[in-house]
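Please look over the structure shown here before reading on. The paragraphs after it take a few of its parts in turn.

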Amino acid sequence: MAAKKLNIKDKYRLLTRDLDWEFSYQDRNKAFPFEEFEGIKITDWSKWEDPFRLTMDAYWKYQAEKERKLYAIFDAFAQNNGQLNISDPRYVNALKIFLTGVSPLEYQAFQGFAHTGRQFGGVGARVACQMQSIDELRHVQTQVHAMSHYNKFFDGLQDWSHMHDRVWYLSVPKSFFNDARAAGPFEFMVAIGFSFEYVLTNLLFVPFMSGAAYNGDMATVTFGFSAQSDEARHMTLGLEVIKFLLEQHEDNVPIVQRWIDKWFWRGTRLLTIVSMMMDYMLPNKVMSWKEAWEVYFEEAGGALFKDLARYGIRMPKYADIIEKEKEHVSHQAWWTFYTHGHAAGFHTWIPTDEELDWLSEKYPDTFDKYYRPRWELAKEMEAKGERFYTKALPQLCTTCQIPMLFTEMDDPTQISYRDSIYKGDRYHFCSDGCKDIFDDEPEKFVQSWLPVHQIFQGNCGGPDVEDILRDYYQMNVGVDNMDIKGSPDEERWKKWKGVA
Amino acid sequence: MSYEVTVEPTGDVIEVEEGQTILDAALRQGVWLPFACGHGTCATCKCQVVEGDVDLGNASPFALMDMERDEGKVLACCAMPESDLVIEADIDVDPDFAGYPVRDFVGTVTDIVDLSPTIKGITFALDDDMEFQAGQYVNLRIPGVEGTRAFSIANKPSDSRALELHVRLVANGAGTTWLHESLQVGDTLDVSGPYGQFFVRKSDEQGAIFIAGGSGLSSPQSMILDMLEEGDKREIYLFQGARNVAELYNRELFEALDQQHANFHYIPALNEPQEDENWTGFKGFVHEAAIKYFDNHFSGHKAYLCGPPPMIDAAITALMQGRLFERDIHMERFLTAADGAEEQTRSALFKRI
């Protein structure tokens, strides 16, 4: 028999220097001070299986070619006035949410993986985190570059990073990542590497990027594909982390289960905004949020949890509630933004009659019964010149920071309220899931920077909402916000298209 | 029309239909390739084509770079063969895999015995010595049956001219019905082999747990006879599952080995013993016998599972909950035509199980 060929694993080992070293005169525990404090027990880092085998040299080569292709398409998009080929100016408002809400998370992921990678005693995990960190930095850069073209033609994209730090609804994604990054390294990996990257980003990248394609936005589609080619590495890293933790020590199993419970709940709450983008903000629809949820979460996630059951891991807590929520959350969220449209950094609108019919068809059990009548009322009011904007500031959930917009799932006419008393103060939550998370780590969540509380405490300027929007959020009041009808975005679009 | 695709470095051979992707064919035929997205955007399943022509399919230009296309890289989830192929995938070769070449043999039936009411033991004399690793299987060509049927080898490798197979009668199974009802001593059949990645990892020194169900005793029988013949000193446990005493075949063989070898332990389990059989051994499924014997702590062992898919599935869960994981679990699933019927969505969590 001929000599066996080296497989890719052996080649990888031989071609890369072993980056680890022995701590001969320093205390190893001091070099990795966060490795033990979460209670995770690692008995043997050598059992870590590299989820992908990519040398740094090959990595730069691949990423360089991806960038060349991507920027060629951005250039072509700009030169051909690609903004004129989108389906409808309403579509750009989904991009405004993406740029202010999602792209900054890529930046937080870059920082998070850089920090977390440093904390692992195992060299394989360190290298994998380092590559993911650089990927995430590339993602935020390409997204900003892709959308900078729209910034020349549409409002609301000009100050995304400032807005991410301050605007009320953007504290939802920002605090999600802050929570993960303020956790220990293993919780960060379960939160972002596993729960978010493996299970939840598919819901962002697959249906939403298809949405971009359906709406003529080739620049966004292309950065989606470019990012997706990195996502696979991120997903395999997330899977390896979870296997590694569960196999290293049985004491890790309940800890990992608690993190899965926490981060699946937090993740589904965060995706509420994506549900609304898909059902209400894409003028040309791909599939409903409910359908996307069934394919990408229930089927794919169900197969995953069936396999995880072998380790003694069960479905995330409140999976039964999550299953019911797919019928409701997009409608509840868009209604909230519609009624707070004067305080949003993007435009809102009433769905067209065709869109209302589409929603009725996609949500036969809930839309006509609970949500369509509201839109019919909104239409009547708008026709009378009384477009509704609420005067009140919403109460926020202390954990997810989303306004109290979710209902009881068994009674969609009743807003869901929960509360806990901690050291004499009462804290409010949107759900049992968020209350449990608080009760488990109250000292962390009493520090939540809740935008509405901050406004009432006078920390955001004011006193009027308009002052806050203009001075503290740096929105162009009357331009970035309010209904799409009569907005400068709409007027410009009509002029470009030559319609009255 | 189908093409033969050889997957290096393991040398597994798969049949890929016209218009079928390499990944789809591989997973359906039990050959694991790394994969994630399944639709050409992530590049987890990137392979090198060593020989042959391929249609690249819908591989994203961001997942499969131009320079890689020039080098003959393909994404297995999109690539469709246009000729027979040799590809190299990012998979590990087991250091214990001997890689004996697959050859064609003619087997003459020398003996047919009723091992149990549903299982026959069929012994052939081969026309040449077959080199194989205990645990591997052969493909048998059966008259009037399209394609071939796979059966694990039950004899030990040192009996290289003989071939012993255990054949369970599958309801409405054309191949096993013919073997049970029409095959006679003196008949000849075409045999090819050896195949498969199921063998004892002898370089690993941990104790070996064998869990066998039904005619899935064949491979463990070969493996255990081979180990004991070589004077292997590790602790060896055989859990044999059957419905009742009548189905518990070759019991005397293993009870005798248990007496002769201090390091061999035989634990039979019956899930439906008959009243009149006076069964005093373990009552329940075979994986439950293993849980009880090891008090739910399996770590520090290698496990070898052989039998029908539900038994394998239950055994894997039992082992993993008893802290024995994928790298230490090896298996041969005995699939029948009926088992492929229900396709299930798979997660990418496990490679082989």
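Strand β8 of chain B pairs with strand β9 (residues 119-126) of chain B in the antiparallel sense, over 7 bridges. Strands here are DSSP runs of E with at least two residues, and helices are DSSP runs of H or I with at least four, numbered from the N terminus. Two strands pair if DSSP finds at least two bridges between them. This is a predicted model, in which local features need pLDDT of at least 70 and side-chain atom pairs count only at pLDDT 80 or more, while totals for chains, interfaces and linings use all residues. Residues are numbered from 1 along each chain as its sequence is written, and chains are lettered from A and ligands numbered from 1 in the order in which they are written.

The link from β8(B) to β9(B) is a hairpin of 4 residues. Within this pairing, Ile112(B) stands opposite Ile122(B) in β9(B). β8(B), which covers residues 103-114, also pairs with β13(B), residues 188-195, again in the antiparallel sense and over 6 bridges. There, Val106(B) has Asp190(B) of β13(B) as its bridge partner.

In chain A, helix α3 covers residues 56-79. Its 24 residues should span 34 Å at 1.5 Å a residue, and the end C-alpha atoms agree because they are 34 Å apart. The expected span is 1.5 Å times one less than the number of residues. After α3(A) comes Asn81(A), with a positive phi near 50°.

Which residues of α3(A) are buried? They are Lys66(A), Leu70(A), Ile73(A) and Phe74(A); buried means that 20 or more other C-beta atoms, placed from the backbone, lie within 10 Å of the residue's own. Their cover includes α5 (123-151) and α9 (218-248) of chain A.

α3(A) packs against α9(A) at an angle of about 170°, with the axes 9 Å apart. The two helices are therefore roughly antiparallel, a term for angles over 145 degrees. On the α3(A) side the contact includes Phe77(A), and on the α9(A) side Met218(A) and Phe223(A). Contact means C-beta atoms, placed from the backbone, within 7 Å.

Elsewhere in chain A, Ile402(A) lies in the loop between α16 (367-383) and β1 (407-408). Is Ile402(A) buried or exposed? Ile402(A) is buried, because 24 other C-beta atoms lie within 10 Å. Not counting residues up to four places away in sequence, Ile402(A) touches residues including Val172(A), Arg269(A) and Cys430(A).

How values were computed. A residue is buried if 20 or more other C-beta atoms lie within 10 Å of its own, exposed if 12 or fewer, and partly exposed in between; C-beta atoms are placed from the backbone. Two residues are in contact if their C-beta atoms, placed from the backbone, lie within 7 Å. Axes are lines fitted to C-alpha atoms, for helices over the stretch in contact, and angles run from 0 to 180 degrees between N-to-C directions. Angles under 35 degrees count as roughly parallel, over 145 as roughly antiparallel, 65 to 115 as roughly perpendicular and the rest as oblique.
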